[in-house]
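I opened a new notebook page for this one. My plan is to look up a few places in turn and write down what I find.

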4 protein chains.
Amino acid sequence: MTRLTESARGVFVIAATPFTSDGALDLASVDRLVDFYLGHRVHGLTLLGIMGEAQKLTAEESLQVVRRTLTRVAGRVPVVVGVSSPGLAPVASLAAAAMDAGAAGVMVAPAAGLRGDEALFDYMASVFRVLDPATPVVYQDYPQSTGVYLPVPLFHRMVDAFPRLVVLKHEDAPGLAKLTQLRQETERDRRRRVSVLVGNGALYYPQELTRGADGAMSGFAYPEMLVEVYERFAAGDVDAAEDVFDAYLPLLRMEHQPGVGLAVRKTLLHRRGAIASPALRAPGARLSVDDQREIERLVGRLERRLKG
Amino acid sequence: MTRLTESARGVFVIAATPFTSDGALDLASVDRLVDFYLGHRVHGLTLLGIMGEAQKLTAEESLQVVRRTLTRVAGRVPVVVGVSSPGLAPVASLAAAAMDAGAAGVMVAPAAGLRGDEALFDYMASVFRVLDPATPVVYQDYPQSTGVYLPVPLFHRMVDAFPRLVVLKHEDAPGLAKLTQLRQETERDRRRRVSVLVGNGALYYPQELTRGADGAMSGFAYPEMLVEVYERFAAGDVDAAEDVFDAYLPLLRMEHQPGVGLAVRKTLLHRRGAIASPALRAPGARLSVDDQREIERLVGRLERRLKG
Amino acid sequence: MTRLTESARGVFVIAATPFTSDGALDLASVDRLVDFYLGHRVHGLTLLGIMGEAQKLTAEESLQVVRRTLTRVAGRVPVVVGVSSPGLAPVASLAAAAMDAGAAGVMVAPAAGLRGDEALFDYMASVFRVLDPATPVVYQDYPQSTGVYLPVPLFHRMVDAFPRLVVLKHEDAPGLAKLTQLRQETERDRRRRVSVLVGNGALYYPQELTRGADGAMSGFAYPEMLVEVYERFAAGDVDAAEDVFDAYLPLLRMEHQPGVGLAVRKTLLHRRGAIASPALRAPGARLSVDDQREIERLVGRLERRLKG
Amino acid sequence: MTRLTESARGVFVIAATPFTSDGALDLASVDRLVDFYLGHRVHGLTLLGIMGEAQKLTAEESLQVVRRTLTRVAGRVPVVVGVSSPGLAPVASLAAAAMDAGAAGVMVAPAAGLRGDEALFDYMASVFRVLDPATPVVYQDYPQSTGVYLPVPLFHRMVDAFPRLVVLKHEDAPGLAKLTQLRQETERDRRRRVSVLVGNGALYYPQELTRGADGAMSGFAYPEMLVEVYERFAAGDVDAAEDVFDAYLPLLRMEHQPGVGLAVRKTLLHRRGAIASPALRAPGARLSVDDQREIERLVGRLERRLKG
């Protein structure tokens with residue numbers, strides 16, 4: 001089993017959680033989806049994020065998803081498990097179970113309602129206290145959802161204090177200047193350089209790679225785009241990377257819609273054969289015939305453009 | 001086992017969840033707390049509300065609290081269990097387990113992010129579909145936390161559509177005019193009259209009783225006040241009811257502070273011998289020596305006033 | 001002077017408000033910007049929106065901008081003036097002054113904090129009461145900023161009640177299904193058909209035109225794109241319209257960033273010679289050298305693509 | 001003319017803004033209200049706060065209120081004028097006009113949307129740059145409205161950097177521990193001690209005086225309570241101060257209701273003869289007959305208690 005480190009690179013795709021049309025967990029589709037992601041050469045998987053409908057699962061179901069995925073992945077790529085919760089006790093118990101089952105690390109977003117630098121630092125200190133000391137941690141910086149703002153100097157203080165903090169999932173918005181500031185201050189002060197993987201629907205992915213991101217932690221239904229952009233960028237061909245990104249952007253933007261984006265994503269994953277049903281677990285958005293026709297049209301345009 | 005009905009009256013105290021100082025569930029204190037509440041003659045108990053730190057418990061711990069409480073109560077009063085969750089599946093599984101264990105009903109707040117009357121109605125319809133048809137439901141109207149506004153006409157539409165919707169936990173703010181509107185429209189249209197129990201820290205309790213509330217669903221550390229106000233009011237002695245309320249108001253207001261109110265409440269419950277430790281589970285507020293001295297002073301003033 | 005009606009079509013560009021680098025109103029640039037917009041054949045102008053930094057102007061400055069713009073436009077296209085305010089009195093006084101100066105109509109977003117259908121309807125009724133009865137009104141549906149959700153049935157009730165409500169600025173998100181529902185219900189119930197112009201950065205512009213929008217009320221720094229997409233779409237060449245849109249999408253997305261989008265827009269307008277300084281009035285975002293280089297790069301890519 | 005300094009003490013009542021029943025500014029009632037406040041021996045006045053409906057006034061009306069008030073006060077007590085605005089330009093112009101007219105200082109809340117310590121510090125630096133260097137400033141710490149959290153160390157950094165920052169209007173919630181921390185750090189580091197006046201409806205006034213507040217900046221309709229509590233506390237009779245406070249608490253709590261509190265306050269001011277009409281300017285809450293009867297009842301209870 002590989003543990004996540006600061007050298008994490010590439011695409012740690014945010015895995016969808018498959019359900020049957022009547023809302024039951026669809027474990028067979030978990031296998032299919034793992035095969036789909038690995039077939040598109042992702043560098044890792046991230047389970048139980050917001051886009052994985054983690055908050056709609058019971059505790060047992062969460063573990064079922066983790067174990068099924070880890071079994072199917074069988075060590076081929078590292079798997080990160082989201083364990084955020086309003087209480088430290090559920091954080092600790094899910095993290096322990098996930099690491100036992102073979103996860104490479106856990107992802108934590110701060111509890112909503114924390115105010116001020118000290119409160120956030122103390123919260124993360126308490127998280128690290130309840131985790132096994134060997135557990136690698138991804139900090140999810142997503143203030144749009146948590147309401148908790150992370151200043152760069154505070155993040156560096158956390159990097160110094162918590163050696164197992166190895167990845168920043170960067171999805172603050174606006175976030176481009178923050179990413180530049182982070183990389184500059186790390187270098188200026190000769191600090192430990194953590195991995196930065198970008199979320200936020202990867203809407204600014206090429207710009208973020210240029211500014212020092214190491215890859216993406218995003219769930220776009222065409223993970224091959226995320227991988228290809230990363231590879232071309234890593235190979236130094238920035239314009240080619242951006243050409244690929246731009247071709248997919250009209251569709252990517254549809255997955256970025258608040259409230260319905262995940263339904264678009266699952267419809268695309270279903271259309272591509274990666275999951276048996278596009279259903280979200282209730283409560284969740286449903287697409288109309290108009291919505292589906294619109295997606296179909298955009299897929300057709302994408303395919304023509306990729307051929308061209 | 002008694003099921004909750006529209007005739008629910010009096011004080012269904014919101015039970016605190018006791019933890020040891022290191023954050024473990026303190027089941028022995030659950031017994032002690034039940035004895036404390038019943039010793040103060042409450043008419044019912046409500047478990048796993050926001051003030052019960054429900055969101056910090058694992059699923060197994062939630063069930064442990066429910067079962068321990070029900071065993072100790074032993075049918076003497078009805079027990080309501082909060083089952084709100086972002087996903088319907090956890091709502092259904094906790095509700096089923098709670099009812100199996102002998103609960104009298106469940107309390108549901110709408111999932112955050114619902115927009116518009118239709119979305120809210122549909123959500124509640126889906127909740128009732130996943131519950132056993134015999135399960136009585138308390139609707140928790142708490143938009144300060146959920147962001148979901150409940151107009152009175154929509155509530156009446158729900159009352160008509162869902163026969164097992166039997167109690168409104170009223171804690172919208174401002175809420176006094178809404179309560180009056182609710183009672184007037186019920187009567188005008190000769191609808192089924194549900195029970196209304198007030199939350200929101202009981203800060204407007206006498207006014208709410210005058211406007212048609214049937215009691216309180218609140219967790220004030222002096223439940224005898226909640227009971228006595230209810231009884232005096234029911235006996236027609238409104239001024240005496242309000243005199244009692246006013247005596248406790250300086251302390252009640254301290255429990256109503258955002259962020260630290262629950263720490264004040266648990267400190268008082270601990271001081272009164274109802275729980276072994278005043279600790280909140282992490283992450284949670286802690287009181288300073290200044291805070292404790294301040295509470296001590298207010299308790300002293302209360303005791304002198306009650307003697308006078 | 002033309003009044004705005006339900007037949008409003010095309011691009012009513014949201015005009016930036018130009019400032020000098022020390023924050024003074026730059027009225028000479030108002031002229032230049034009007035020439036720029038009209039040179040790109042927009043169908044109308046919209047002043048004093050959020051993206052026009054309206055909230056940072058004094059009342060006198062607002063009027064100066066309105067008058068200077070109207071003088072320069074000289075009746076060639078209709079000009080809409082944003083008059084939203086927490087108080088009805090400022091709404092009324094700015095609307096009266098704007099209409100006196102020759103505006104074609106006013107734009108109103110509901111006051112923040114309204115809860116429920118009745119409160120929103122009553123608010124709009126009170127707005128129409130304080131306006132001159134001949135003043136045409138654009139309703140700005142932007143709940144991300146106001147917190148006020150507008151259900152389609154309520155909007156139709158408003159259309160019936162207020163004959164001078166002639167345009168919906170559609171920028172709810174998600175908004176595509178809402179737009180379809182609006183057009184379907186208008187037709188099904190044979191109601192008055194109002195104009196719908198889309199905002200929200202025009203991020204879903206082709207899809208919205210397909211679903212029944214009549215144009216855009218957006219401030220993208222390349223208004224020629226907004227116009228060309230509209231014209232090609234109106235001519236029935238949907239794919240060509242979308243090709244144009246897609247070419248600009250990488251840049252449009254940069255203007256859609258929360259917090260810094262307007263700084264990107266003004267930088268582009270300045271680069272294109274439309275305003276003398278890219279400065280936002282304080283407090284406002286400033287772009288770094290990195291930001292500017294990034295924009296430069298995207299402009300280069302756009303220009304190459306347009307040539308291709 | 002006296003300028004506001006760090007030695008500000010006592011009650012700087014937040015003045016209501018009187019309107020006629022049809023929403024016009026009622027300048028005659030401004031005089032009457034000034035007489036009422038001064039008759040109850042307040043130590044200062046604060047105009048154009050949120051509770052003064054400042055955001056509903058036009059710029060000219062704001063100045064009319066400021067000038068009329070200053071004329072009537074005629075230098076007997078210092079008058080602070082709220083000048084908060086999303087733009088620095090309106091802050092500067094209203095502040096200059098108010099100081100010209102004889103105000104003792106201005107009150108500023110940070111613009112909404114600032115994120116992080118640096119952004120807040122920079123914002124305040126830019127405020128001080130646009131003000132006349134002699135203008136004393138009250139910082140309004142009200143994150144419930146602005147969304148901007150002020151950590152104590154940052155406030156002290158501001159106190160060091162801005163010599164004209166002389167008062168903190170303290171209305172963060174929870175706020176008691178913050179007040180203690182502020183006073184302790186001031187003393188420990190031997191910093192300049194600013195005045196702290198409490199807002200937030202004065203709901204924790206006796207506790208805040210104990211923790212180091214110097215008075216209140218609140219608009220309770222019985223300013224004599226605010227004054228008497230301050231005086232008894234200053235005289236060392238803490239219990240007597242708290243007895244007075246407790247007597248008014250049932251009524252004070254009614255003014256603290258979100259959304260309708262100001263309507264309660266104006267109803268009480270009208271009942272006491274301080275203003276000609278209880279009307280709020282639209283949009284604003286209106287009280288029903290039930291509401292009024294309820295207030296009447298609470299006033300009756302208060303009067304009996306004060307006699308007893």
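Entry 1: the contact of chains A and C. I began with the rule for salt bridges: a side-chain nitrogen of Lys or Arg must lie within 4 Å of a carboxyl oxygen of Asp or Glu. I also noted that this is a predicted model. How many salt bridges does the rule find across the interface of chain A and chain C? I got 18. I looked at one of them, between A:Arg297 and C:Glu242. Their closest N and O atoms are 2.4 Å apart.

Entry 2: the area. I recalled that the size of an interface is often given as the accessible area lost when the parts come together. For chain A and chain C I noted about 2700 Å² buried between them. Carbon and sulfur atoms account for 45% of it. Three residues, A:Tyr204, A:Arg253 and A:Arg301, supply 22% of the area that chain A buries against chain C.

Entry 3: a helix of chain C. I turned to α11, residues 261-271 of chain C, and found 9 of its 11 residues buried. Among the buried ones I wrote down C:Arg265 and C:Lys266, along with C:Leu262, C:Val264 and C:Leu268. What covers the buried residues of this helix? I found α1 (27-39), α10 (238-255) and α12 (289-307) of chain C among the elements that do. After α11(C) comes C:Gly273, with a positive phi near 85°.

Entry 4: a lysine in a strand. I picked C:Lys169, which lies in strand β6 (residues 165-170) of chain C. Is C:Lys169 buried or exposed? I put it down as buried, because its relative accessible area is 5%, and buried means under 20%. Its side chain makes a polar contact of 3.0 Å with the side chain of C:Glu171. Leaving out residues up to four places away in sequence, I found that C:Lys169 touches residues including C:Ile14, C:Met107, C:Tyr139, C:Asp141 and C:Met217.

Key: Residues are numbered from 1 along each chain as its sequence is written. Chains are lettered from A and ligands numbered from 1 in the order in which they are written. This is a predicted model: local features need pLDDT of at least 70, side-chain atom pairs count only at pLDDT 80 or more; totals for chains, interfaces and linings use all residues. Side-chain values use heavy atoms; hydrogens and water are left out. Buried means under 20% relative accessible area, exposed over 50%, partly exposed in between (1.4 Å probe, protein chains only). Helices (H or I, at least four residues) and strands (E, at least two) are DSSP runs, numbered from the N terminus. Contact means heavy atoms within 4.5 Å. Buried area is the accessible area (1.4 Å probe) that two parts lose on being put together, summed over both. A polar contact is a pair of N or O atoms within 3.5 Å; within protein, one must be able to donate a hydrogen and the other to accept it, and residues adjacent in sequence count only if both atoms are side-chain atoms.
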